[in-house]
Amino acid sequence: EFSKLAAESGVLEAAAAKGELDAAAFLERYRKTGIFDPQLTLAAAATVKAADLTTIPAEDAASVKAYFNAVYNVYAKHLVPLPEDDLEILGAVLETKDYRRLEELKPIIAALERSFLEIRTIPVPERYRAIAALELNYLLKTKRAVETFLELEKDPLAVTLMYPERISLKRKVRIFHELLERHLAEKGVTFEPGEGGHALFAARYPTRP
């Protein structure tokens, strides 16, 4: 279905001679004509700076654990209960052509917004505020990507462009959490099954574990 949308939008004119899509050339072409750029759109959504966050001076293992447990508890409240994630819903819409199902993206957007607002208020150990800002910005980027999917009927080209960026974003979050888990373990901060932090890193969040 995305191939069909791409063909209709003219994206295939940017294909390389060997028959593969030259994504860089395509994006550059449409940047010059002012058409939707998913990378710029997601970058613009990331507005949280480390200096904006409330911090606590404590940096002991217990305080760090408490912070990441609290972060996951927010996700557990708002995102874990969601029956499907945005990519699953979008795939179903494309398969069935039932555009009414796009409405199912709205609870995801609302859950991402609520998660962002609640996590934003959790005081973070000073040494981890840059990491906390990155987590929050990933939430904002995810929310913006899902908002783009809502426009499928009106702007299929924007969705065609955003789709691979959304997949890439999900992969980046997974890698971010893998590296963070490793870093915390090196600092002596580990989580047992049943703790929020353990679920956070096991799930490789968003939008849904």
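## Ground rules

In this predicted model, local features need pLDDT of at least 70 and side-chain atom pairs count only at pLDDT 80 or more, while totals for chains, interfaces and linings use all residues. Residues are numbered from 1 along each chain as its sequence is written, and side-chain values use heavy atoms, with hydrogens and water left out.

## Aromatic pairs

There are five aromatic pairs here (ring centres within 6.5 Å; planes under 30 degrees apart are stacked, over 60 edge-to-face, the rest tilted; for Trp the six-membered ring is used). One of them is Phe 68 with Phe 201, a tilted pair at 6.1 Å centre to centre and 50° between the planes. It ties helix H4 (residues 61–78) to helix H9 (residues 196–203), with the partners 133 residues apart; helices are DSSP runs of H or I, at least four residues, numbered from the N terminus. Phe 68 and Phe 201 are both buried (under 20% relative accessible area, 1.4 Å probe, protein chains only). Tyr 67, Phe 68, Tyr 128, Phe 191 and Phe 201 make up one aromatic cluster.

Tyr 138 in H7 (residues 129–149) and Phe 176 in H8 (residues 156–186) sit 38 residues apart, and both are buried.

The axes of H7 and H8 come within 10 Å and cross at roughly 155° (lines fitted to C-alpha atoms over the stretch in contact, with angles from 0 to 180 degrees between N-to-C directions). The two helices are therefore roughly antiparallel (over 145 degrees).

Note on methods. Buried means under 20% relative accessible area, exposed over 50%, partly exposed in between (1.4 Å probe, protein chains only). Angles under 35 degrees count as roughly parallel, over 145 as roughly antiparallel, 65 to 115 as roughly perpendicular and the rest as oblique.
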